[in-house]
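Hi everyone, thanks for having me. I'd like to walk you through one protein chain today, a piece at a time, so please keep the picture in view while I talk.

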Amino acid sequence: MEEDEVTIREQNFHSQVREYIICFLLFAVLYIVSYCIITRYKRKTDDHEDEDAIVNRISMYLCTFTLAVSGGAVLLLPFSIISNEILLSFPKNYYIQWLNGSLIHGLWNLVSLFSNLCLFVLMPFAYFFLESEGFAGSKKGIKARVLETFVMLFLLGLLILGIVWVASALIDNDAASMESLYDLWEFYLPYLYSCISLMGGLLLLMCTPVGLSRMFTVMGQLLVKPTILEDLDEQMYCIQLQEEALQHKLNGASFNSHLQPNSQHLYKELDNVRSQRHKLERKKKASAWEKNLLYPIVMLILLAGTAISVFLVALNILYLLVDETALPKGSADPDIGNASLSTFGVVQAVVEIILMIYLMVSSVVGFYSLRIFQGLTPRQDDTTMTSIIGCCVSILVLSSALPVMSRTLGITRFDLLGDFGRFNWLGNFYIVLSYNLLFAVVTTLCLVRKFTSAVREELLKALGLDKLNLSNSPTEPESGKLAANGHQKTL
């Protein structure tokens, strides 16, 4: 009997060690990828080792950790869904016995813990540490900056706890709620994270429809569009003439003092002409299948992904109206490998994973497309650490809300695990139904506005109202290119 107990303890010990190793390896891969991404966009500095360089390096490591946690939050649902399907397909396979419910549940708990840690501790610390200089009258150095950072964190924590305390007392004023206000770990942090998740869900609701319509423009800029009835050689000739004329004007402005104030405008025009020339050169070098086949296929894939997403949300709205058990819920005991949560098995699981990743990419594109957040757009080798911190916090909020949004919209039927299923607002029927309706309506309106922008512009021109700027659709960089006859093309 004692030998059996020892064997069970050994098995539990080895299982825990195996789970820790797997989690460490997964996080190490995410950390390396995040480090490569941040170093690609971080502004290059000199190699001089001083106090500011040390502070920047520490802040960069914290941002890398936060971005890795964001990647883990994005991959939570896809990893869980594909693990469930693998265990269903190969239930007795010895080489996948490490893939079990305990590992999945542990990953969800770790991502939830690290998300709270990054959002409430590491990122505020990185920002205050970057902006700190030490208290007045104290000796300057790293210790003084660390001391000021901890004081600012303490004051910020008191401010946030006070706001949550007052909000909780105003919303729910019964005796039980008043007693729970003094419980920091069991009430404050889950309630605060629930509020953050709701804000992240609303941010996703604002960014994702914009990103879904913006994705067509972004892919159109990355790919080579089909050339129909276009003479690229003549367009190249016209662009080269324009470039030579502007270059001649700039050479003359350098010797003429009266033309020097206009040289900045001439430089901008020259940059635009050169960018158009590079695009035309890329079009000439592109193969026939890339110009005539790849672009339509990618556009059809984007349209199909968006249509399937809206269709699934519409089905989820019907499920909510018919059966209230369709509300998203949490699960304390993950039932992995016992039943498939997809009607069509592996095919539907793969489609759900693709849709979730597509929604995340679209939400990031939509986030940087909004005017209020355009200042955070990272630039290669020219992004400050303050902007990187803002980007990491924004991506963390979006990625942490992605599993909740995917389950709320009915993209997947996989139950939320860990603290992700403890959010108070998930059980509110009216909030969930309104969220689904808003997503479906706003996404449809954004797509209709996107695909009818050219028609609206032509109607405004026909009615003579184009000078009133009634159409707010952004013009693409390619809209000003020259046609074969030297005039501008309009679609």
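A quick note first on what you are looking at. This is a predicted model, where local features need pLDDT of at least 70 and side-chain atom pairs count only at pLDDT 80 or more, while totals for chains, interfaces and linings use all residues. Residues are numbered from 1 along each chain as its sequence is written, and side-chain values use heavy atoms, with hydrogens and water left out.

Now, the overview. The chain has 13 helices and two strands; these are DSSP runs numbered from the N terminus, with H or I for at least four residues making a helix and E for at least two making a strand. Of its 491 residues, 41% count as buried. Buried here means under 20% relative accessible area, exposed means over 50%, and partly exposed is in between, using a 1.4 Å probe and protein chains only. The accessible surface comes to about 28,200 Å², and 65% of that belongs to carbon and sulfur atoms; the areas come from the Shrake-Rupley method with a 1.4 Å probe, and for residues only the protein chains shown count as cover.

How do contacts run along the sequence? Take the contacts between residues at least 6 apart in sequence: 79% of them join residues at least 24 apart. Contact simply means heavy atoms within 4.5 Å.

Let's go inside. The largest nonpolar core has 88 residues, and Cys63, Trp108 and Leu302 have the most contacts inside it. By nonpolar core I mean a set of buried Ala, Val, Leu, Ile, Met, Phe, Trp, Tyr and Cys residues joined through side-chain atoms within 4.5 Å. Which element gives the largest share of this core? That is helix 3, residues 101–131, with 14 residues.

Let's stay with helix 3 for a moment. Its 31 residues reach 43 Å from first C-alpha to last, close to the 45 Å expected at 1.5 Å a residue. The expected span is 1.5 Å times one less than the number of residues. Helix 3 also has a kink of about 45°, centred on Cys118; the bend at a residue is the angle between axes fitted to the seven residues ending there and the seven starting there.

Helix 2, residues 51–89, can be read in a similar way. Its 39 residues should span 57 Å at 1.5 Å a residue, and the end C-alpha atoms are 56 Å apart, which agrees. Helix 2 bends by about 40° at Leu75, and a proline, Pro78, follows within four residues.

Next, the aromatic rings. The structure holds 10 aromatic pairs. Rings of Phe, Tyr and Trp (its six-membered ring) pair if their centres lie within 6.5 Å; planes under 30 degrees apart count as stacked, over 60 as edge-to-face, and the rest as tilted. Phe27 and Phe114 make a tilted pair, 6.2 Å centre to centre with 50° between the planes. This pair links distant parts of the chain, since Phe27 sits in helix 1 (residues 2–41) and Phe114 in helix 3, 87 residues apart. Phe27 is partly exposed at 23% relative accessible area, and Phe114 is partly exposed at 26%.

Phe125 and Phe129 have ring centres 5.4 Å apart and planes at 20°, so that pair is stacked. Why are they about one helical turn apart? Because they are four residues apart in helix 3.

Finally, a few single residues. Ser309 lies in helix 9, residues 288–322. Is Ser309 buried or exposed? Its relative accessible area is 1%, so Ser309 is buried. Leaving aside neighbours within four places in sequence, Ser309 is in contact with Leu355, Leu359 and Ile411.

Ser132 lies in the loop between helix 3 and helix 4 (142–171), and Ser132 is buried too, with a relative accessible area of 2%. Not counting residues up to four places away, Ser132 touches Arg145, Glu148 and Thr149.

Last stop: Asp381, in the loop between helix 10 (346–369) and helix 11 (385–408). Most residues other than glycine have a negative phi. Asp381 has a positive phi of about 60° although it is not a glycine.
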